[in-house]
Amino acid sequence: MEWTPIKKTLHDGGVQPHLRDYAKARASFSWEEIRDELDGLPGGRGLNIAYEAVDRHAAGPRGDHVALRWLGQEGDVLEFSYRALRKQSDRFANVLRALDVGEGETVFSFLGRVPYLYIAALGTLKNVSVFCPLFSAFGPEPVYQRLSRGDAAVVVTTERLYEKRIAGLRERLPHLRHVLLTDVQDDRADGVWSLPKRMREASASFTLPATDPEDLALLHFTSGTTGMPKGALHVHEAIVMHYMTGKYALDLHPDDVFWCTADPGWVTGTSYGIIAPFVHGVTNVVDEADFDAERWYHILEEQQVTVWYTAPTAIRMLMRVGGTPREGYDLSALRLVCSVGEPLNPEAVMWGQEALGLPIHDNWWQTETGGIMIANLPALDIRPGSMGRPLPGVDAAVVKRTDDQVEEMPPGEEGELALRIGWPSMFRGYLHEKKRYEDCFVGDWYLTGDLAREDADGYFWFVGRADDIIKTSGHMVSPFEVESALMEHDAVAEAGVIGKPDPVSGERVKAFVALNTSYTPSDELRLDLLGFARTKLGAAVAPKEIDFKDSLPKTKSGKIMRRLLKARELGLPEGDLSTLETASG
Ligand code: ATP
Ligand code: MG
């Protein structure tokens, strides 16, 4: 089905998007000019993410503006102004200093979305130590893997999580010197301290050390969608990208109330759940609770959220619940809704238009890129199903890779998505995997491992992950294309498509689908879906088999794990399951 582009018109009055003329913004773009919109450390002592995100606002007229509005699971609300956040993060940095935790040492958080997570992140960055947030649902083995690979010097966690998941690992973690518990009032045995007590005793004023923009700042593990998660290393310079994309892709303005639904355990929840909103001085809403459709609509209404950043998995869940939220809730404050993490089906873009009153703006990036690279920018027409266009300052291309060079493909042709090196938040290495890092680069290009095509107007379209592409009877089939077609059927809530080895066709296209709540699996429905897909896709591409599932295996960041569907179907080893959504210990 051809989807009609959604025309964007610029109105007078209201909030004007920062980026109104794409061609001009690209042509005149310079990283130096963006960098000049930041302050830099006083006295020309470098660039530090936490200083730009918090301290510079705290010292100015925005000092009393609400920086963080935390919504507790049980209904309690806590607010921190920029000034309060500065003090708290200064205290945390002093706690680290008192424990002799130095620059470049790794501080992990293993917490739910609680204020201490945000304070620890900022305080760690101030101390020029490296921050690594972990999902609190990780079991002991995934925790061990990450703490050990990341040479954790400090872990900030709760007493319960410590006892259940970490205490038994201490002997195997020789680098781990300090555990800071957020919910005990007194220090325990050696090396297990009360964070509240240490915070009380610490000074609320910390002088940031000189910070080289190339100093390591963040360690982020990838989602593990295609295999063992990789640890991507990021530096303080990344703040330039967080700022630029917060401005142009998320269109943040000073009075915005911003809500990013991602957990900081996934790169989106840090780059855009912590850093980008703060560097723009807006109010950042954080919800401690997990997904719940009613709760989410209620938050959008009550908090008067203006810019909302979420993910396809959440949108699919909202679609599955159904209803017309605009009738039950006042969503009129919303100005922009964005999504990242997986392909966003055209169906979902249009659902936004109807259900929320706004189309959903898909954007593309990866843990490795540190920030949004390609986006349906607020002022540009949306082509439903497309990832959008490269941000100013970002050069993207579709290429064919040969040994030591890349060849750019003409418009319309599929190839690997590549990015010209030189954007500030590019990862500076994979943890302990030098060769793997080097293999990502050919000449001036970083190769993303994703396949895409670019149309004649410069919009990029996701085709699939290089590892997931199905080869059947001489055709290259994108699982996304098949999933997207199935999603257009009223019965289908989500779909995952794999290739099964087949002696005749090479690979046979097989789909797994989860149904919307008002449908039940039956042979009749299966036949209907097979026929529906064949009409939409043609016999060569349409699935030959369909299985019904209650839900599909997903990563904790909400991505469908096709490799697991495949391994289970073929009875093969399941590989690393540390990031599987249900794998909590
Ligand atoms: P791993 O690298 O461990 O297999 P992962 O690639 O899922 O996991 P992330 O860095 O969290 O880890 O995800 C980035 C990937 O997610 C991209 O490379 C791409 O495959 C997919 N992705 C992100 N945004 C989009 C989007 N808008 N459209 C299509 N795919 C997307
Ligand atoms: Mg990846």
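The points below describe the domains and the interface between them.

This is a predicted model, in which local features need pLDDT of at least 70, side-chain atom pairs count only at pLDDT 80 or more, and totals for chains, interfaces and linings use all residues. Residues are numbered from 1 along each chain as its sequence is written, chains are lettered from A and ligands numbered from 1 in the order in which they are written, and side-chain values use heavy atoms, with hydrogens and water left out.

**Domains**
- The protein chain is assigned domain 1 (34–451) and domain 2 (470–570), with bounds from an automatic or database domain assignment.
- Between the C-alpha centres of domain 1 and domain 2 the distance is 32 Å.

**Extent of the interface**
- Contact (heavy atoms within 4.5 Å) links 20 residues of domain 1 with 22 residues of domain 2.
- Domain 1 and domain 2 bury about 1900 Å² between them, 54% of it from carbon and sulfur atoms; buried area is the accessible area (1.4 Å probe) that two parts lose on being put together, summed over both.
- Of the area that domain 1 buries against domain 2, 34% comes from T225, R316 and R320, more than from any other three residues.

**Salt bridge**
- One salt bridge (a side-chain nitrogen of Lys or Arg within 4 Å of a carboxyl oxygen of Asp or Glu) is counted between domain 1 and domain 2.
- R316 forms a salt bridge with E494, and their closest N and O atoms are 3.6 Å apart.
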